[in-house]
Amino acid sequence: MHDTKRKTIFLTSFHPLISRNILMGEVFAMLAEAHRIILLVPRYKAPYFEEHFSGPNVAVEAIDTKLTAHDLFFRKLILSAAPTRDLSIKRRVEFYRDRKIFSYLVSVIPAALFRGKKWYIRLLRALDRRTGNQTRFSPLFERYHPNAVVSTDVQNEIDVAFLRGAQVRGIRTVAMVRSWDNLTSKGIIRCVPGKLLVHNDILKGEAVRYSFIDPGIISVIGIPHYDRYKKAYDAFHDSAPSRAREMKDAFFTALQFDATKKLILFAPFGDRYIRDNRTDILILETLSSLDLNILVRLPPTDTVNFMGFKSRRATVRFYESGSSAWRGGKKINEVSATDEEHLIKSLAAADVVVTGQSTIAI
């Protein structure tokens, strides 16, 4: 029996970075201490979440995340409704890569005619709401009777289904924009929550401009998981010089680097973004002509081919981030606490960071 005085909260984690962004942070710990958390996760990842995040007040529920035809159809419409440069570029890149003229026209014609029209976005939401399956997750709502649904990724289709399920039952909804580029690259917000949480005023402006969200329901909260980075950076740089030197030497020793030389942290672009990717190896070959240390942090959810690479001069080490206990490839990897700690130390110790369009830049 659970404590009936505690509120029950449905909390989603369907994107690989949510476990790092939210579940490893202080906010999740505070929620789990005060309330009963039902952690909603992909079915095939349930054992991983059971091992790492379940607890006295945290139960893990395995969810079937297969998208319906309705989801796929409205994803196309939602993407075409946002008048952003990001999406315009993505459409052209996809056409260049796939050469699917019909799919390209289906995406660009509605975009050209209706994107940015408030009445059109309201119509899409109404049609989406009326035609969608509002009972998909009814058994879970009936079993737990949640007091609130917290979506950690407001643009994820499964998150949308839970938000809709809560709203038809009069249950409070809170949702977050997952990442800094989502409102310009993932289309408009399909389901408007009771409260929307964003990182900064830029995202707030984008939510109002592109998705016509009432600014009164938006709260700017910062980027929760970067609190850990700031604390680690302060601890490293505010320490006595001897202590800071000791911490840096320990990090260098573990990687077999020369502590008397500078460190470049290189975060590759990745194969997902560059067709026939030769950019990353060319950058690394150029950097390796310098007499210093290079730490190459491979992306947790992407591949990079460095086969055949030989350093010209630098000492080069590779760090493989991301962990997976299931089939499906790197794209669905989870970032472990060990990976996160290593990244924090890498950033604190690095003299220069070299990266592309990665969140590492932030």
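1. Ile264 stands opposite Val352 in strand E11. Strands, marked E, are DSSP runs of at least two residues, and helices (H or I) are runs of at least four, numbered from the N terminus. The model is predicted: local features need pLDDT of at least 70, side-chain atom pairs count only at pLDDT 80 or more, and totals for chains, interfaces and linings use all residues. Residues are numbered from 1 along each chain as its sequence is written, and side-chain values use heavy atoms, with hydrogens and water left out.

2. Strand E8 (residues 263–267) pairs with E11 in the parallel sense over four bridges; two strands pair if DSSP finds at least two bridges between them. Both strands belong to an open sheet of four strands, ordered E10-E9-E8-E11, with parallel pairing. At its edges are strand E10 (315–320) and strand E11 (352–355), each pairing on one side only. On average, neighbouring strands of this sheet are turned by 20° against each other, direction ignored. Angles run from 0 to 180 degrees between N-to-C directions, and axes are lines fitted to C-alpha atoms, for helices over the stretch in contact.

3. Contact means heavy atoms within 4.5 Å.

4. Helix H15 (residues 337–349) also packs against helix H13 (residues 241–254), at an angle of about 115° and with the axes 11 Å apart. Lys248, Phe251 and Phe252 in H13 meet His342, Lys345, Ser346 and Ala349 in H15. By class, this contact has three nonpolar, two polar and two charged residues. Ala, Val, Leu, Ile, Met, Phe, Trp, Tyr, Cys and Pro count as nonpolar, Asp, Glu, Lys and Arg as charged, and the others, Gly among them, as polar.

5. A further open sheet has seven strands in the order E3-E2-E1-E4-E5-E6-E7, and the pairing is parallel. Strand E3 (58–63) and E7 are the edge strands, each pairing on one side only. Here too, neighbouring strands are turned by 20° against each other on average, direction ignored. Strand E6 (residues 195–198) runs parallel to E7, joined by three bridges, and Leu197 has Ser219 in E7 as its bridge partner. Helix H2 (residues 26–34) packs on the sheet and touches strand E1 (8–12), strand E2 (36–42) and E3, with its direction at about 130° to that of E2. Helix H11 (residues 201–211) lies across E6 and E7, running at about 165° to E7.

6. His225 is found in the loop between strand E7 (218–220) and helix H12 (226–237). His225 is buried, with a relative accessible area of 5%; buried means under 20%, exposed over 50%, and partly exposed in between (1.4 Å probe, protein chains only). Not counting residues up to four places away in sequence, His225 touches Arg20, Asn21 and Glu340.

7. The whole structure holds 16 aromatic pairs. Rings of Phe, Tyr and Trp (its six-membered ring) pair if their centres lie within 6.5 Å; planes under 30 degrees apart count as stacked, over 60 as edge-to-face and the rest as tilted. The rings of Phe49 and Phe53 have centres 5.7 Å apart and planes at 40°, so the pair is tilted. Both residues lie in helix H3 (residues 46–53), four residues apart. Phe49 is buried at 0% relative accessible area, and Phe53 is buried at 10%. Elsewhere, ring pairs link Phe10, Phe14, Phe137, Phe141, Tyr144 and Phe162 into a cluster.
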